[in-house]
Amino acid sequence: MIVDFTRNPQALPGACDVCVIGGGPAGIVTALELARRRPDWHIVLLEGGGTTMPPPAELDPYVGTSAGKAPYPLSGSRLRFLGGTSNHWGGWCRPFDVEDFGPRPWLARSEWPLERADLEPWYAKAAKWCEIGSTDYAEDSLSPELADGILAVADSALLCNKYFRFSPPTRFGRRYQEALEQTPNLKVLLRANAVGLDWLGERVDAVRIASTQGAAGRLKAGRVVVALGGIETTRFLLVNARQAPPGSGLGSAMLGRCFADHFGLTPAEALLPAQLQYARVEHPTGTVMPVLALRADAQRALATPDFCITLVPQPEAGSLEPAYASNAALGFRGGQHWRYRMQLICEPPANPDNRITLLDEVDRLGVPRLRLDWHVAPDDFRASVASLREVGAELGALGLGRLRTFDEAEFAQGAPSVGFHHLGSARMADNAEGGVVDARCRVHGIENLHVASSATFPACGFSNPTLTIVALAVRLAAHLTGVSGSQAEEPS
Amino acid sequence: MRRRGFLIGGASALLLGSGAVWLQRGAPWRGAETASAVRARLRLGDGAYAAIRALQGTDPIAGAAMAAMQGVADPAIAIENSLIERLGLARELDIAAPAFDRRLAAAIGEDFRQARLCAGSDWVLSQTECEVAALRLMVFGAQPSVTNEEGYAQGQIAEIIDWGQRETQQDTPFNVQGDGHSGIWIKTRGAPPWVRFEIGGERVGTVHTGDLITTGLYGDLQGRILSTPGAYEVALVDEMARIRQPFGVFTVRPRAARLVRADGSVSKVFCPVQGWGPSAAVAGQPANPQPNGNEAFWIQTACAPPSVRAFLGETELRTTVSLDLVTASVPRSRIARPGEWMLELRDRESGEVLQVGRYAVVAGPAAPVAEAAH
């Protein structure tokens, strides 16, 4: 059932087994998985917006302050209506790599308290929720069909080809609206904003709810899942930290810290075989997009964060022309070559100074607005760019091409592009000193408060986060209900 | 066909590339010694120098090795000696060109493997590679520089299956996207991902999603095109192969006359309604039924902004705005009972309202008693 709380405040039940706060991909998947696994439970999903793009006034809670050398585009990629940011998602999907989960001693604070293998079955379920036809991302199985359009790096010790897949993209609100309406033990309240938590000892007792039209209420909940997106989740947790039990994850010094986003740079160009297609291409198993990346051993040896490279053909004249690659005497293998710009999507290091804090000013719901301090420092990308010089030497040794890095003052002079992936500010860690939630996404020290959000990611490779968000949401639902994956229904 | 223009070597060519810059600053032999005189003092035979001379496009990288020779009495001899040693040619000075090529390629590969790189170059190059480029420049002078001219051949890049939107009216954005640009889509088969869209001779941002290309009119270009009625050729452009494929024309029609209201004021957004319907229906029986059972209205007008919505009374209708037509649908349940309502177009942005006409729902014939009893 889907009800507009503003028009029907009486529809708010007095209590529920689980209250899921936030109707984006994480919240919708968590709510439906919970409801299907436990038909005896009553689940309530709170969505701050309606079912369509809200008028500007309803976006008021997203207004905040961004500080730093280059202000972060806070209003970008945050949609306050059912389906959340999936409503303008590009559909890029890729699980994080094994090495992204750590340990990586050369990267501070980059270790997950779980391994990729722990997520494997949940990635498979997430692929179904995201409507991806295949879960095969392996270079060995995908590269042969695409050999004409990718760099031949089988002999490379540094580079490999990795692959993204694509969701249609799934607009979770529209796609699963019927399921939300028809699941008997699930109630969705639209225009119902969670504005605070009430406590009973060391447990959350209830969620306080308000609409921008003045409706208000209180929902007792056996468990609460915060699934508000990578920025709003942290703001909500910070708002409730003052009343939280001492020593809990909400009291962690890491709450709000290490906000991160994938950032993009173009620090190099290369002379490589012509007609490489590092773009969306058709494969018998579906649409994929190849990218170049460092092999795990190379990341370790060169002490780099994870990153990937796309190649963009350059028609303009440059300092080294394609004709140069016609010289077999210089080690080139032959064939036409092009110049390509090398665009990097970089894993952001976990920097505690990149931080979400609360301001004294409140929004129209009475909730404190946020301030985000964020910047990309040269040290965040220098190791990655330096590793490109090693890649260049290897390209030369293999006869594949030549590579040129640009002057840092040239490629890093403006603000880097961002992925609008809001990550890391309610980190997952083994204890409350290191983070906010544990490996099962439960807030440390609070038995019935959980988080389903990319805010929990302590490290993020270069892959877009949605698939991992959904995988963790399904896993959380399984943990909360005690019902394993095989007993749950598939998305419908 | 790709066209090439040649800039002939000589004084102007010497200005190209960092190596040539070094030459201008004063190589020891420059001015005092011709290239052939330099060649005469070198040890490697004609086979090696034939191979070196055949190298293409090496001038831009010559500078790094030449710069490293600052202060060396005879850089050409120093570099040649280095090459002889690295390629193992001390006893094979008269090596044939193909064999020299193989030795050179092997030495360059080994340089890369041993991290023996050319210092001072932003390109990652082997030391041998830079040195042979410098030697070539010193012995044979600057190479003709190959430059691409701006010409594009007309040809087939991809099959165009369909595209849109193909026309609009002056000052009327269309298919407006989140950032305000007017969106154009092209369904293709076989378009390489680097192909770009061109309209009126200007290339614009192009996104490939499989066989669908999305592009449009952005920023100043949107303002310029939409403000100027005319026909704008649209094309795909492969800048790498230098091929251009025109596939149609985008038309901006002159602005239609705006509605003059009864009080003499002129609407900023609406044109007169040229026709509309249906104006009446029998209760529960749409006059213009759609497959889903809804009633559908059509309103013919030469202009209506994308932000317009149709209202039946105070009920907002699902509205579609195209160039000459606004369509809107109302659920069958809304016309289940007799009544009469004003059909209006309301523009969300300007707040202007255009009253289209009254729509009446009349009672249907009374059902026979016996039938009604069942």
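**Cavities and the make-up of chain B**

In this predicted model, the largest cavity holds about 110 Å³ of space.

Reader: What makes this space a cavity, and which residues are closest to its centre?

Author: The space is called a cavity because a 1.4 Å probe fits there but cannot get out. Of its 19 lining residues, those closest to the centre are A:P348, A:P349, A:A350, A:P458 and A:A459.

Reader: How do you know which classes of residue make up the lining of the largest cavity?

Author: Ala and Pro count as nonpolar, whereas Asp, Glu, Lys and Arg count as charged, and on that basis the lining has 13 nonpolar, two polar and four charged residues.

Reader: Why are some residues of chain B called buried, and what share do they make up?

Author: A residue is called buried because its relative accessible area is under 20%, and 45% of the 374 residues in chain B are buried. The accessible surface of this chain comes to about 18300 Å², with 52% of that belonging to carbon and sulfur atoms.

Reader: What share of the contacts in chain B with a separation of 6 or more joins residues 24 or more positions apart?

Author: Such pairs, with heavy atoms within 4.5 Å, account for 62% of those contacts, in a chain that has ten helices and 21 strands.

Technical notes:
Residues numbered from 1 in each chain as written. Chains lettered and ligands numbered in written order. Predicted model: local features only at pLDDT ≥ 70, side-chain atom pairs only at ≥ 80, totals over all residues. Heavy atoms only, no water. 1 Å grid on protein atoms, 1.4 Å probe; cavity = no way out; pocket = protein on both sides within 12 Å on 5 of 7 lines; lining within 4 Å. Points joined across faces, edges and corners; volume = space filled by probe spheres on them. Helix = DSSP H or I, 4+ residues; strand = E, 2+ residues; numbered from the N terminus. Buried < 20%, exposed > 50% of the residue type's maximum accessible area, 1.4 Å probe, protein only. Areas by Shrake-Rupley, 256 points an atom, 1.4 Å probe, with all protein chains shown as cover.
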